[in-house]
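Welcome! Here is a short tour for anyone meeting this structure for the first time.

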Amino acid sequence: MPRTVRDVVFVDGVRTPFGKAGPKGIYHETRADDLVVKAIRELLRRNPGLDPKKVDEVAIAATTQIGDQGLTIGRTAGILAGLPTSVPGYSIDRMCAGALTAVTTVAGSVAFGAYDVAIAGGVEHMGRHPMGEGVDPNPRFVSEKLVDESALFMGMTAENLHDRYPTITKRRADEYAVRSQEKAAKAYANGKIQADLVPVSVRRTNPEGGETGWGLVTADEPMRPGTTLENLANLKTPFRVHGRVTAGNAAGLNDGATASLIASEDFARANGLPVKMRLVSYAFAGVEPEVMGYGPIPATEKALAQAGLSISDIGLFEINEAFAVQVLAFLEHYGIADDDERVNQYGGAIAFGHPLASSGVRLMTQLARQFEEQPGVRYGLTTMCVGFGMGATVIWENPHFEGDK
Ligand SMILES: CC(C)(COP(=O)(O)OP(=O)(O)OC[C@H]1O[C@@H](n2cnc3c(N)ncnc32)[C@H](O)[C@@H]1OP(=O)(O)O)[C@@H](O)C(=O)NCCC(=O)NCCS
C-alpha cells in the first residue's frame with residue numbers, strides 16, 4: 001500500500017512548574033512519575049475533544065531511567081494518569097533533548113500514518129536522580145582519547161566553548177543571564193507562562209524530615225527576578241579556576257515534567273483540537289563532545305536545509321539556555337545580536353530551570369504562545385544542545401500566520 005506523508009501539528013503543551021533539586025526544593029517529597037501524571041492529566045482536561053482511547057502512544061523521556069523514572073515511564077505514567085490500558089507507551093532518552101526527541105519520534109510515526117495522535121513529553125527529577133547517577137562510561141573514551149575528559153561534565157564543556165569563542169566574555173554571558181531573568185519576570189507579570197502550567201500539590205517537610213503539611217506549587221521556583229550584573233560578577237566559577245561559567249549564567253539543577261499532544265492535522269481538525277504549530281522539519285547533529293554547546297548550529301543547518309529555509313526566515317527562536325555561552329555561540333554564528341527580540345522572548349532556562357529531559361516541550365509550548373500572539377511571524381525554531389556532543393532543532397510553522405504566503 002503506498003503511503004502519503006501527513007502534516008503533523010503540535011496541538012497543545014503543558015508543564016509542571018519547575019523546582020530546585022535537593023532537600024530544600026519544592027518537589028523533594030514528590031515522585032518523578034507523579035509529575036508526569038499531572039502533566040498528562042492536564043493535557044486531557046484541557047482538550048476534552050480528545051477521546052483518551054484514541055491516544056496511540058505515550059512517549060516520555062528521562063535521562064536517568066531508574067527508580068521512579070524507570071519501568072518504561074511512558075507506559076507506567078499513562079496507566080497512572082488514567083489512560084485506558086489499551087494505550088501503549090515507552091520511554092526515550094537523548095539527555096537534554098529527551099522531550100524534543102519524544103516529539104519528533106512520535107511526529108515521524110504520525111507523518112507515516114502509524115499514529116493519529118500521541119502524547120510526548122519528558123521528566124527529570126534531578127533531586128532524586130542527580131546527573132550521572134548510575135552511569136558507567138567505558139574507559140576507552142578517555143584511554144583511547146575518543147573524547148576529552150571534560151566531555152562528561154557539562155559545565156566544563158561550557159568553559160571549553162568559551163575558549164572556542166574568545167569574543168564571548170564572562171560579562172557578555174552575565175549580561176545575557178540578566179536579560180533572561182528580566183524577560184522571564186516580565187512574562188510572568190504579563191501572565192504568559194502561567195497559562196500552560198499545571199499546579200502540583202506537594203507534601204512539605206522541615207529539615208528534620210517532619211511533616212509540615214501540603215502546599216500547591218503554581219510558579220517556577222528557580223527564578224531570581226531582580227538579578228543584576230553586580231550580583232553575578234563575583235559568583236564562583238565551579239567548573240574551572242578563573243573560569244566564566246557560574247550558577248548565575250547557567251541553568252540550575254531542577255525537577256519538572258512536560259507533556260504535549262502531537263497529531264496529524266486532519267485528526268486535530270476532525271476532533272476539534274487546537275492546531276498551535278505545524279511541524280516543518282527536524283534534525284539532530286553530532287559535534288565534538290567536549291564542546292557540546294555548539295550542537296545547535298549544525299542541527300539547525302540541517303533542519304533549515306531540509307525545509308529550504310534560511311536563518312533569516314525564522315521569526316522566533318526558543319533556544320534552551322543550558323548555559324549562556326551556548327546561546328551566544330549560536331547567535332554569534334548567525335550574526336544575530338545578543339539581545340535580538342526574536343530570541344527567547346519569555347526568557348529561558350537560566351531563569352525557569354532545566355530539568356534535563358523535560359525541557360524540549362517547554363520551548364515548544366512557549367513558541368506556540370508566541371505564534372498565537374504574533375501572526376506576522378511564519379516560522380519559528382526550537383533548539384537545544386545535548387550531552388555528549390549533540391544538537392537538536394525543530395522548525396515550526398505558525399498556523400495563525402496572516403502575512404503573504
Ligand atoms: C552551576 C551549578 C554547579 C551551581 O550549583 P549550586 O552551587 O548548587 O547553585 P546555587 O543555586 O546554590 O548557586 C550558587 C551560588 O550562586 C548564587 N546565585 C545563583 N544565581 C544567582 C543569581 N541569579 N543572582 C545572584 N546570585 C546567584 C546562589 O545564591 C549561591 O550563592 P551562595 O553560595 O552564597 O548560597 C549547577 O547549577 C549546575 O551544575 N548547572 C548546570 C546544570 C547542567 O549541566 N545541566 C545540563 C546542561 S547540558
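Thr72 sits in the loop between strand 3 (57–61) and helix 2 (73–80); helices (H or I, at least four residues) and strands (E, at least two) are DSSP runs, numbered from the N terminus. Its phi is positive, near 50°, in a residue other than glycine. Thr72 counts as partly exposed because it has 15 C-beta neighbours inside 10 Å. Here, buried calls for 20 or more other C-beta atoms within 10 Å of a residue's own, exposed for 12 or fewer, and partly exposed lies in between, with C-beta atoms placed from the backbone.

Asn344, in the loop between helix 10 (324–333) and helix 11 (349–352), has a positive phi too, near 45°. With 27 C-beta neighbours inside 10 Å, Asn344 counts as buried.

## How to read the model

This is a predicted model, in which local features need pLDDT of at least 70, side-chain atom pairs count only at pLDDT 80 or more, and totals for chains, interfaces and linings use all residues. Residues are numbered from 1 along each chain as its sequence is written.

## The chain as a whole

The chain holds 12 helices and 12 strands. Of its 405 residues, 55% are buried. Its C-alpha atoms fill a box of roughly 60 × 60 × 50 Å along the principal axes.

## A look at helix 3

Helix 3 covers residues 98–112, and its 15 residues reach 21 Å from first C-alpha to last, close to the 21 Å expected at 1.5 Å a residue (the expected span is 1.5 Å times one less than the number of residues). Because 11 of its 15 residues are buried, helix 3 is largely enclosed by the rest of the structure. Among those buried are Gly98, Leu100, Val103 and Val110. After the helix comes Gly113, with a positive phi near 100°.

## The nonpolar core

Which residues touch the most other members of the largest nonpolar core? They are Val36, Ile60 and Ile262, out of 126 residues. Such a core is a set of buried Ala, Val, Leu, Ile, Met, Phe, Trp, Tyr and Cys residues joined through C-beta atoms within 7 Å.

## Around the ligand

The ligand has 18 residues around it, and Met154, Thr227, Asn231, Ala247 and Ala322 come nearest; a residue is near if its C-beta atom, placed from the backbone, lies within 6 Å. Helix 5 (154–164) and helix 7 (229–233) each supply at least two residues of this shell.
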